[in-house]
Amino acid sequence: MVWFLILLPLIAAGAAFASPSPKWRVRILTTTAILHFVGLLAALGGYGTLPASAWLGLDALGGWVLLVISVLFLVCALYAPAYLALRPDRDGRIFTVSLLSFLGLASLLAQSQHPGITWVAMETTTLATAPLIYFNHNRHSLEATWKYLLIGSVGIALALLGTLFIAYAANMGGVEEPLLYGRLMRESALLSRPWLRAGFVLVLVGYGTKMGLAPMHTWKPDAYGETPGIVGALLAGGVTSCAFLALLRMYAVVATAGEAQFARELLIGFGLLSMTWAMVFMVRQLDFKRLLAYSSVEHMGILVLGIGIGGNAARFALFHLAANALVKSVLFLSAGNIHRSYASKQLPYVTGAIRRTPVSGWLFLLGFLAITGTPPFAPFISEFNIAYTALTTGHPWVGTVFLVLLGAIFLGMSDTVIKVVFGTPSAQRVRTPYKDTFATTAPMIAALTLALIMGLWLPRPLQNMLQMAAAIVGGQP
Amino acid sequence: MYHDILITLMVLTNFTLVATSRIHKSIQVAAFQGVLLGLLPLTLGLGFHIHILLMATAAVVVKGWFIPFLLRRALTKVHIHREVHPYIGYTVLLMLCAFGTGMSIVLAHNLPLKPGGPFALFVPAALATLFTGFLLLVSRRKAITQVVGYLVLENGIYLFGLMLIEDMPILVETGVLLDLFVGIFVMGIVINHISVAFDSMDTRQLAELKD
């Protein structure tokens, strides 16, 4: 099953590359997404029984993250056929191949129990997604791709150095090869402290760059702003989740070694800085796709903040990973539809979307309400509980600042969103033939419904899995 | 003994890299640095077993020949030879590079080393090379010299990785080298698109997206 999840998408990518007809490529994409999801559900039955010496395999943490990515990918794959049909001018081959390769590499990363493999998978993910950003083949997307590649590669290089530092910490302590996460955690008392601390800082900066934590997020607004909505959805919920997982694995090692306090302070600092930075750039943001990119910076901040606060907040940070991925897919896909309909993503030219594209307009509005923490959607549960844990477990200031920032971001974001969705029609608007259809809206409705259900009820097996995943993050191998 | 000479040469090439304005030369020097790195494991007295020989060959081929080949090929399409008007002047860069090398020695002094190894110079040299890579990345305007900067940065990390060469699984090492290669290959493709779309390789053109 381990290899099925990795190889199925990669082989499908090969098949899509070889296939001459766009129709078949799309079929391969959707079939693979469904098979991957079903295969993952079957594999998740055994997440508790991973042998300690395994290099690859699903544990609760990797399983949870891969489940999020697989669901997100399924939503995007169901949306893709209609989208690609709207873009006959562009080469769908590279697009499909990149999407499928990403899924295979994410499966490798989620199942990797060795820091080296994790790093290789993360770096390859960056390279596989770069062509997606260049999908539109214009000057702006070229600029965005260059920034994404260069900043991402430098970030990931720092993560490699951090990983090597931690390997050297183990080497000095006499920990034997292979340095699997499980072994590093069991023998964490032997690790050399200065190297471990320096290594964690580098890993945090490195994978933090891939997540898009401020101030290393500068590629994000450009990349998300210039790609099609479907790629934005996959980057904001998929690639960032991979980087977060890679960071969590190292955090778990550092936490078991008794350096949790040091790591947590860093995580809280980066979390609050990201939220503040995002807020500043969201106020009066005229470009609604860039607005979503900054919202992604904000939510990456919430994720690391939750881990930094620890305890229950760490569990809800993992929950938030799923909530954010689902709602972001709704936001990016509906923003993509609105962009298509108006041929612009700038505010004065896009107003009154609710009349022109009613379904996408409503979904954009509901997605905005969900992501900013309106009950009963899933992000409300996680944001509320992270704030609650912060306030009750000795972080009153962090909790207060967190709530103030959430409020300010709601206000900042609402200004732009309300103008886009309602707004008065202006004479400058362009009208394209695009109309909302079942195929371009149904995947979003499914994702939003899922986010709604998650906010009300989470099945018992998933709750257990989340509990176990949080225990791994907290330092129980 | 020989490894100390190789590492000293590496640190010296750092200075050449920041001071040179000719793009061909900077590629050449980065390739030379790659060859030095590739030869380094052979001088550590670890014996000549297959793992070490394989890694040395792979590093020399990838860093010393294949990547420079890709970079030169990207250059043939556009007629630029010099890095004119870098963001930071050459004299200032040289001084910054010297300062960074000094700081690396101070920083490395604070990190403990496993006693008895031949690795005394590895950490400061690795950090200094990393810093040089950063300097090149932020100071140069041409996309291709930025890639050279990334390559130098990776060289610094590889140098640090050599301290673990006996313990690192070959799978991971190969993965790292392969990723570097593919990364630069993809960057080469993007550079090609940049020079077609903008008729130059100047990254100043890539500054339209902002808030």
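Trainee: Is Lys345(A) buried or exposed, and why?
Mentor: Keep in mind that this is a predicted model. Buried means under 20% relative accessible area. Lys345(A) comes out at 10% relative accessibility, so it counts as buried.

Trainee: Which side chain makes a polar contact with the side chain of Lys345(A)?
Mentor: Start with where the lysine sits: Lys345(A) is in the loop between helix H12 (312-342) and helix H13 (353-356) of chain A. Leaving aside neighbours within four places in sequence, it is in contact with residues including Gly225(A), Phe288(A) and Val350(A). The polar contact, at 2.5 Å, is with the side chain of Asp287(A).

Trainee: What reach does helix H14 of chain A have from its first C-alpha to its last?
Mentor: Helix H14 covers residues 358-371, which is 14 residues. At 1.5 Å a residue, 20 Å is expected, and the helix is close to that, with a reach of 20 Å.

Trainee: Which residue just after H14(A) takes a positive phi?
Mentor: H14(A) itself has buried residues, among them Leu363(A), Phe364(A) and Phe368(A). Their cover includes H12 and H13 of chain A. Just past the helix, the positive phi of about 95 degrees belongs to Gly373(A).

Trainee: What is the radius of gyration of chain B?
Mentor: Chain B has 7 helices and 0 strands. For 211 residues the globule rule gives 17 Å, and chain B is close to that, so it is as compact as a globular protein of that length; its radius of gyration is 18 Å.

Notes:
Residues numbered from 1 in each chain as written. Chains lettered and ligands numbered in written order. Predicted model: local features only at pLDDT ≥ 70, side-chain atom pairs only at ≥ 80, totals over all residues. Heavy atoms only, no water. Helix = DSSP H or I, 4+ residues; strand = E, 2+ residues; numbered from the N terminus. Buried < 20%, exposed > 50% of the residue type's maximum accessible area, 1.4 Å probe, protein only. Polar contact = N/O pair within 3.5 Å; in protein donor to acceptor, adjacent residues only side chain to side chain. Contact = heavy atoms within 4.5 Å. Expected span 1.5 Å × (residues − 1). Rg over C-alpha atoms; globule rule 2.2 N^0.38 Å.
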